[in-house]
Amino acid sequence: MTKLSIALVGLLFTSHAVAGCFEGFPGIAVEKTQAFGEVAWSPLMSTAEIRAWLETEGFTEVVLDSPEPDTFWVRGACLAQVSELKGSDQAWLIGSELGQVLWDVLETRDVTS
């Protein structure tokens, strides 16, 4: 997994609100935890249905050079991860709202590499 994809996965669990990012998605649930803040997730459903909803709602796919099957989508401060169930055409939508945190990570260079 690339450093950017690891950072994006980590950002899914920041303490920012998800209000407005995924309302209207069928069956979406939001949980607030002390450790991770607010995280939204969907029931297991067709990957094609999730992708179609994201496209309709104006999300843009983030193309990562990674062997992982998960894909990431952004719209403004909203980050979505489509987490596929291996060996099937089913996935979960997992999401968060990032705000300034995403830009801080993207602008930080890894000086160790």
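Me: How do you know that strand 5 and strand 6 pair, and over how many bridges?

Reply: Strand 5 and strand 6 pair in the antiparallel sense over five bridges. Two strands pair if DSSP finds at least two bridges between them, so five bridges are enough for this pair. The structure is a predicted model, in which local features need pLDDT of at least 70, side-chain atom pairs count only at pLDDT 80 or more, and totals for chains, interfaces and linings use all residues. Residues are numbered from 1 along each chain as its sequence is written, and side-chain values use heavy atoms, with hydrogens and water left out.

Me: Which residue stands opposite Trp 73 in strand 6, and which residue of the hairpin takes a positive phi?

Reply: Ala 80 in strand 6 stands opposite Trp 73. The hairpin of strand 5 and strand 6 has two residues between the strands, and Gly 76 takes a positive phi near 60 degrees there.

Me: What makes strand 4 and strand 5 a pair?

Reply: Strand 4 (residues 60-62) and strand 5 (residues 71-75) run antiparallel and are joined by three bridges. Glu 61 has Trp 73 in strand 5 as its bridge partner.

Me: Which elements make up the chain as a whole?

Reply: The chain has three helices and seven strands. Helices are DSSP runs of H or I with at least four residues, strands are runs of E with at least two, and both are numbered from the N terminus. From the N terminus on, the order is α-β-β-β-α-β-β-β-β-α.

Me: Why is the link between Cys 21 and Cys 78 called a disulfide?

Reply: The S to S distance of Cys 21 and Cys 78 is 2.1 Å. A disulfide is a pair of cysteine sulfur atoms within 2.5 Å, so this pair counts as one. The structure holds one disulfide. Cys 21 lies in the loop between helix 1 (3-11) and strand 1 (29-33) and Cys 78 in strand 6, so the pair ties together parts that are 57 residues apart in sequence.

Me: What makes this disulfide of Cys 21 and Cys 78 left-handed or right-handed?

Reply: The torsion about the S-S bond of Cys 21 and Cys 78 is about -80 degrees, so the disulfide is left-handed. Both cysteines, Cys 21 and Cys 78, are buried.

Me: How do you know whether Ser 83 is buried or exposed?

Reply: Ser 83, which lies in strand 6, has a relative accessible area of 15%. Buried means under 20%, exposed over 50%, and partly exposed in between (1.4 Å probe, protein chains only), so Ser 83 is buried. Leaving aside residues up to four places away in sequence, Ser 83 touches Asp 70, Ala 91, Trp 92 and Ile 94, where contact means heavy atoms within 4.5 Å. Of the 113 residues of the chain, 32% count as buried.

Me: Why is Val 62 not given the label buried?

Reply: Val 62, found in strand 4, has 22% relative accessibility and therefore counts as partly exposed. Val 62 and Gln 81 are 19 residues apart in sequence, and their C-alpha atoms are 9.8 Å apart in space.

Me: What label does Leu 85 get, and why?

Reply: Leu 85 is partly exposed because its relative accessibility is 35%. Leu 85 is found in the loop between strand 6 (78-84) and strand 7 (90-97).
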